[in-house]
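Please open the structure in a viewer and keep the sequence at hand.

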Amino acid sequence: MASRRVVVFPSSAELGPALAHLVTSRAEKAITSRGRFTLGLSGGSLVSMLSKELLVTPGLDCSKWVVGFCDERVVSFDDPESTTGLYKSHLFSKVNIPDSGIVTIDPSLPVDDCAEDYTRKLKETFPDEDFPGFDLLLLGMGPDGHTCSLFPDHPLLEESKKIVAPISDSPKPPPQRVTMTFPVVNSARCVAFVSTGGSKAPVLKEVLEGRDGPALPAARVDPAKGELFWLVDDPAAASLTIQVERLGSGAKL
């Protein structure tokens, strides 16, 4: 059971720098302990927020970072739907992360083969672990409560053996994707959700405070031996009644 911290910022303008500090502080800790920093990235609004803030971080050194993707659409990297492609243009091309430190899918493969290929790459990256244990996973959440490409009421929610699973019937386009499974997500040393905007308020309340019926996918993220952060802005937190931390500009997590 993770120790969950729900941290509310006035707006995404204050949240962004705190997120960047979380990434760089966990990177420093991991490199000191284990000689590298393993980071799992998600797409959506997180791409621009994280890239913007990391690029203004003084002395940023990504030479010992190893980056993977929590899920990915099986489209070419130059497709605007490609999370990998967006990070390549927004971040990777502007920092000193080695090509060997970016673990990507092969979008030329059929979706089932793509998932197997990405699984093999992650096993090579984490050779001594049954399920890869990332130092930090950054996750988003959709308005339906999905995270990664793990959608409500989908059979993949019960996947317990695979590291990466294919999905060819995603309710959100494009339909063909690969996704990390819950055993991988819940093996991370730290997981941080980023959720902003008033449209997320109803589902955020259901995820953090419970709901009638099955728990939403995002509510099933509970790192067994790790930390769990929910970094949200005031509009997203508007319906919450649980106790939260409120932080402002310059906050360090």
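**Stop one: helix H4**

Begin by selecting helix H4, residues 111-125: its 15 residues reach 21 Å from the first C-alpha to the last, close to the 21 Å expected at 1.5 Å a residue. The expected span is 1.5 Å times one less than the number of residues; helices (H or I, at least four residues) and strands (E, at least two) are DSSP runs, numbered from the N terminus.

The model is predicted: local features need pLDDT of at least 70, side-chain atom pairs count only at pLDDT 80 or more, and totals for chains, interfaces and linings use all residues. Residues are numbered from 1 along each chain as its sequence is written, and side-chain values use heavy atoms, with hydrogens and water left out.

Within H4, display the side chains of Val111, Cys114, Ala115, Asp117, Tyr118, Thr119, Lys121, Leu122 and Thr125, which are buried. Buried means under 20% relative accessible area, exposed over 50%, and partly exposed in between (1.4 Å probe, protein chains only).

**Stop two: H2 with H3**

Next select helix H2 (residues 46-55) and helix H3 (residues 83-90), whose axes lie 10 Å apart at an angle of about 25°. Axes are lines fitted to C-alpha atoms, for helices over the stretch in contact, and angles run from 0 to 180 degrees between N-to-C directions. H2 and H3 are therefore roughly parallel to each other. In this classification, angles under 35 degrees count as roughly parallel, over 145 as roughly antiparallel, 65 to 115 as roughly perpendicular and the rest as oblique.

The crossing of H2 and H3 is right-handed; a crossing is right-handed if the near helix is turned clockwise from the far one by less than a right angle, and left-handed if anticlockwise. From H2, show Leu46, Val47, Leu50, Ser51 and Leu55, which meet Leu86, Tyr87 and His90 of H3. By class, this contact of H2 with H3 has six nonpolar, two polar and no charged residues. Ala, Val, Leu, Ile, Met, Phe, Trp, Tyr, Cys and Pro count as nonpolar, Asp, Glu, Lys and Arg as charged, and the others, Gly among them, as polar.

**Stop three: H1 with H2**

H1 passes H2 in a right-handed crossing. On the H1 side, select Ser12, Leu15, Gly16, Pro17, Leu19, Ala20, Val23 and Thr24; on the H2 side, Leu46, Met49, Leu50, Glu53 and Leu54 complete the contact. The residues of the contact of H1 with H2 divide into nine nonpolar, three polar and one charged.

**Stop four: the loops**

Turn to the loop between strand E5 (136-139) and E6, where Cys148 is found. Cys148 has a positive phi of about 50° although it is not a glycine. Is Cys148 buried or exposed? With a relative accessible area of 7%, Cys148 is buried. Asp153 also lies in the loop between E5 and E6, and has a positive phi of about 65° although it is not a glycine. At 71% relative accessibility, Asp153 counts as exposed.

Move on to Pro174, in the loop between E6 and E7. The peptide bond from Pro173 to Pro174 is cis, with omega near -5°.

Finish at Gln243, in the loop between strand E9 (227-233) and strand E10 (245-246). Gln243 counts as exposed, at 77% relative accessibility.

Key
Contact = heavy atoms within 4.5 Å.
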